[in-house]
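Hi everyone, thanks for coming.

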Amino acid sequence: MIEVNKKQDCCGCTACAAICPKDAIIMKEDNEGFLYPTVDKETCIDCGACERGCPIIHTAKEQPFEQAAYIVQNKDQKILRESTAGGAFTAIAKYVLHNNGVVFGVELGTDLMAHHIAVEKENDLYRFRNSKYVQSSVGGGTHRQIKSFLEQGRFVCFSGTPCQIEGLKNFLKKDYDNLITVDVVCRAVPSPLIFRKYVEYQKKVLSDNIKTVRFRDKHYGYKYSTMNVITDRNHGNYYQGVESDPWLRAFFSNICDRPSCHSCHFRKQYRVSDFTIWDCFNVGRFSKELDNDKGATRVLVHTKKGREIFNAIKDDFSYVEIAPEAAVAGAKEMKESVAPNEKRESFFKDANRMSGEELFNKYFPETFKVKAEHCIRLTCYKLGIYSVAKKLYVRLTHKY
């Protein structure tokens, strides 16, 4: 029987609930907004399946193997514009759908929460584009759906965080030739509770109903990506960057992460997925052609299956091949966990008693410094010197 005695020992992948033969496990939200397993002891037969399925108890041991690495940019300008980075995942997903497959990825639903869903039509792939800076819920029998499709002989693509990938693999118990997995390099997963507080905050500040948000919009270009809040009336005219938007400031301050993210078991170069994908802001180091501020994705290919798929879809990209070591160099999120913010405990206590407006005004107020930084960034963009200024900033601060 699985028991979570320490919050850092559960990543919320839901594999334990999915694998339970008696459906004795349900995922319940705690006071920080994260899901944890709760066992119905009367129904539980103590078979140990949940523990065997847990990717933290049974983390795949890292063993070096041959990899390939690329920097890619989708040639389809619409896909590229709608994607957070270079549109790599859409190309992989299209390959699966064209082979009578099913694609599982994360959508920000109408409830403004992140959920794993399945799509079988190419026209629906837009639902997966754009980052979701909030932990997704892998519910609704997702693992069992995937297994059913696989056993029918259909191709299945599953995209998620590294812990979700390992959870799925543990649930399935064996490798499937028709399963393609894509993990996204993850800084940490923020709390759905705090994101709900953010939506509440924006509803108050903008005096309008929030229809949806885009966490990494390219309105000012890829290198100055912004939070785009779309309401009933403003049609998406809210664009604020990491220096000024309260949600991005909270996320990058590590104040609202899941506890397991601060001692993550899955930060490694050699992974169990077929592909690892993530941003390439420093694309100019590898290709002048791709350094056009439209977005680029690093793709690390781990398996023979992954290499075959990349070769099948490479004409969809403008790309350069690079050494795997060059791809991961400087990418701290690949191997290092972020440290928790020292105000994390008080932040969550306040989140349970304050309104969204009170919470964000207390911890992330719009000070003169915040306004000045936003003004400077926007001025640099309008003068056409933002990329140069950012490169100088990175060189001086060693931040990537």
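This is a predicted model: local features need pLDDT of at least 70, side-chain atom pairs count only at pLDDT 80 or more; totals for chains, interfaces and linings use all residues.

R344 and E32 make a salt bridge, and their closest N and O atoms are 2.8 Å apart. Now, where do these two sit along the chain? R344 belongs to helix α12, residues 344–351, while E32 is in the loop between β1 and β2 (35–39). That's 312 residues apart, so to speak a link between distant parts of the chain. And are they buried or exposed? Both R344 and E32 are buried.

Let's step back to the overall picture. The protein chain has 15 helices and 13 strands. What about its radius of gyration? For 400 residues, a compact globule would come out near 21 Å, and the protein chain has 21 Å, so the two agree. If you box up the C-alpha atoms along the principal axes, you get roughly 65 × 55 × 40 Å.

Of the 400 residues, 56% are buried. Then there are the contacts: take those between residues at least 6 apart in sequence, and 71% of them join residues at least 24 apart. As for the surface, the protein chain exposes about 18800 Å², with carbon and sulfur atoms supplying 49% of that.

On to charges. There are 60 positive and 50 negative ones in the protein chain, and their mean positions are 3 Å apart. How many salt bridges does a search of the whole structure find? It's 19.

D23 and R144 meet through their side chains, at 2.7 Å from N to O. D23 is in the loop between α1 (15–19) and β1 (25–29), and R144 is in helix α5, residues 142–151. They are 121 residues apart, again linking distant parts of the chain. R144 counts as partly exposed, because its relative accessibility is 37%.

Next, R154 and E120, with their closest N and O atoms 2.9 Å apart. R154 is at 16% relative accessibility, so it counts as buried, whereas E120, at 47%, is partly exposed.

Last one: K78, E82 and R129 are linked in a network of salt bridges.

Terms used. Residues are numbered from 1 along each chain as its sequence is written. Side-chain values use heavy atoms; hydrogens and water are left out. Helices (H or I, at least four residues) and strands (E, at least two) are DSSP runs, numbered from the N terminus. The radius of gyration is taken over C-alpha atoms; the globule rule is 2.2 Å times the number of residues to the power 0.38. Buried means under 20% relative accessible area, exposed over 50%, partly exposed in between (1.4 Å probe, protein chains only). Contact means heavy atoms within 4.5 Å. Accessible areas come from the Shrake-Rupley method with a 1.4 Å probe; for residues, only the protein chains shown count as cover. Lys and Arg count as positive and Asp and Glu as negative; His and the chain ends are not counted. The place of a charge is taken as NZ of Lys, CZ of Arg, CG of Asp or CD of Glu. A salt bridge is a side-chain nitrogen of Lys or Arg within 4 Å of a carboxyl oxygen of Asp or Glu.
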